Amino acid sequence: MTYAVAAYALAGVIWIGYLLSLRARAARLTQQTSVTKR
Amino acid sequence: MSGEGWAAKIRAISWALAALLVAGSLWMAAHAPLEVQMGIVQKIIYIHVPSATAAITAFFVTFMASIVYLVSGRNWRWDAIAVSSCEVGMVFSAIVLVTGPLWARSAWNTWWTWEPRLTSFLIMWILYGGYFLIRSSVGSGSRRDVSAVLGVILFVSVIITYMSVTWWRGSLHPKSVTMVPEMRGVLSISIIAWLVFYAAAFQERFRLETLRHAAESGEDAR
C-alpha cells in the first residue's frame with residue numbers, strides 16, 4: 001500500500017514541480033520580452 | 001482571434017481534457033481489480049507503463065522534428081518542437097525511474113537491479129540529459145543544428161531500450177503481460193490519459209520556446 005501511494009505521490013510532486021518551473025520561466029521570458037520591446 | 005489567442009484556447013482545452021482523463025484514469029486505477037500476488041502495489045503499473053509510453057512518444061516526436069528541422073530549411077519552430085518534446089519526455093522518464101524501484105522492491109525484493117531494461121532505460125535518460133547539457137554549452141549559432149543531430153542519434157537509445165527485453169536474456173521485464181480484461185481496460189485508458197497530458201505539457205513547453213525566440217530575436221514569435 002505504502003509503495004503504491006508513494007509512487008503516485010512522487011509522480012504528482014514531479015509534475016507539480018515541473019509545471020511550476022514552466023510557469024516561472026514563462027513569466028520571466030514575458031517580462032524580458034516586454035523590456036526588449038520598450 | 002490572433003494566433004496566440006487560438007494557441008491559448010487550444011492549450012486550455014488540452015489541459016481540461018488532460019485533467020479530466022487523468023482524474024478518470026486514477027479513479028479507475030483505484031477501483032481496478034486487485035492482483036492476487038502483489039495486491040495494491042500492482043496498481044503502480046497504471047502510472048509506470050503510461051509514463052514510459054509517453055516518454056517514448058515524446059522522444060519519437062523529438063526524433064521526427066529534428067529530422068524535419070535538418071531537411072527542411074532549418075526553421076526554428078521544428079527545433080522548438082524537438083526540445084519541448086524532449087524536456088517533457090525527460091519528466092515522464094524521471095517518473096518511470098522513480099516508480100520502477102517502488103514496484104521492484106515489492107515484486108523483485110530489490111530497489112534496483114542491473115537487468116537489460118532498467119539499465120538501458122537509465123542510460124537513455126542520462127543520454128537525453130546530455131542533450132540539454134550540450135545544447136546549453138554550444139554557441140547560439142550552431143545550437144539548433146547540434147541539437148537536431150543529437151535528437152536523431154539519441155533515438156537509437158530509445159530503440160535499444162524498447163528492444164532490450166528481446167535482445168538480451170535475463171530481463172525481469174516481461175515481453176508481454178497477461179491481464180484480465182478489466183485491468184487491461186484501465187491500463188489502456190491510463191495510457192490515453194497520460195498521452196493527452198503529454199500533449200498539454202508539450203504545448204506549455206512549446207509556448208516557452210516561442211517566448212524565448214521572441215526575446216532573443218526581438219521579433220514577434222507568432
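Helix 2 of chain B passes helix 6 of chain B in a left-handed crossing, where left-handed is taken to be the near helix turned anticlockwise from the far one by less than a right angle, and right-handed clockwise. The model is predicted, so that local features need pLDDT of at least 70 and side-chain atom pairs count only at pLDDT 80 or more, whereas totals for chains, interfaces and linings use all residues. Residues are numbered from 1 along each chain as its sequence is written, chains are lettered from A and ligands numbered from 1 in the order in which they are written, and side-chain values use heavy atoms, without hydrogens and water.

**Helix 2 with helix 6**
- The axes of helix 2 and helix 6 of chain B come within 10 Å and cross at roughly 150 degrees; axes are lines fitted to C-alpha atoms, for helices over the stretch in contact, and angles run from 0 to 180 degrees between N-to-C directions.
- Ile56(B), Phe59(B), Phe60(B) and Phe63(B) of helix 2 make the contact with Phe155(B), Val158(B) and Tyr162(B) of helix 6 (contact: heavy atoms within 4.5 Å).
- This contact has seven nonpolar, no polar and no charged residues; Ala, Val, Leu, Ile, Met, Phe, Trp, Tyr, Cys and Pro count as nonpolar, Asp, Glu, Lys and Arg as charged, and the others, Gly among them, as polar.

**Helix 2 with helix 7**
- The axes of helix 2 and helix 7 of chain B come within 8 Å and cross at roughly 40 degrees.
- Helix 2 of chain B is therefore oblique to helix 7 of chain B (under 35 degrees is roughly parallel, over 145 roughly antiparallel, 65 to 115 roughly perpendicular and the rest oblique).
- The crossing of helix 2 and helix 7 of chain B is right-handed.
- Residues in the contact include Ile45(B) and Val49(B) of helix 2 and Trp194(B) of helix 7.
- The contact of helix 2 with helix 7 of chain B divides into 15 nonpolar, three polar and no charged residues.

**Largest pocket**
- The largest pocket holds about 1,300 Å³ of space.
- On a 1 Å grid over the protein atoms alone, a pocket is an open set of points where a 1.4 Å probe fits, with protein on both sides within 12 Å along at least five of seven lines, and lining residues have an atom within 4 Å of a point.
- Of its 41 lining residues, Ile45(B), Val49(B), His173(B), Pro174(B) and Val177(B) lie nearest the centre.
- Helix 3 of chain B gives the largest share of the lining, seven residues; helices (H or I, at least four residues) are DSSP runs, numbered from the N terminus.
- The lining has 26 nonpolar, 11 polar and four charged residues.

Note on methods
Grid points are joined across faces, edges and corners, and a volume is the space filled by probe spheres set on the points. Helices (H or I, at least four residues) and strands (E, at least two) are DSSP runs, numbered from the N terminus.
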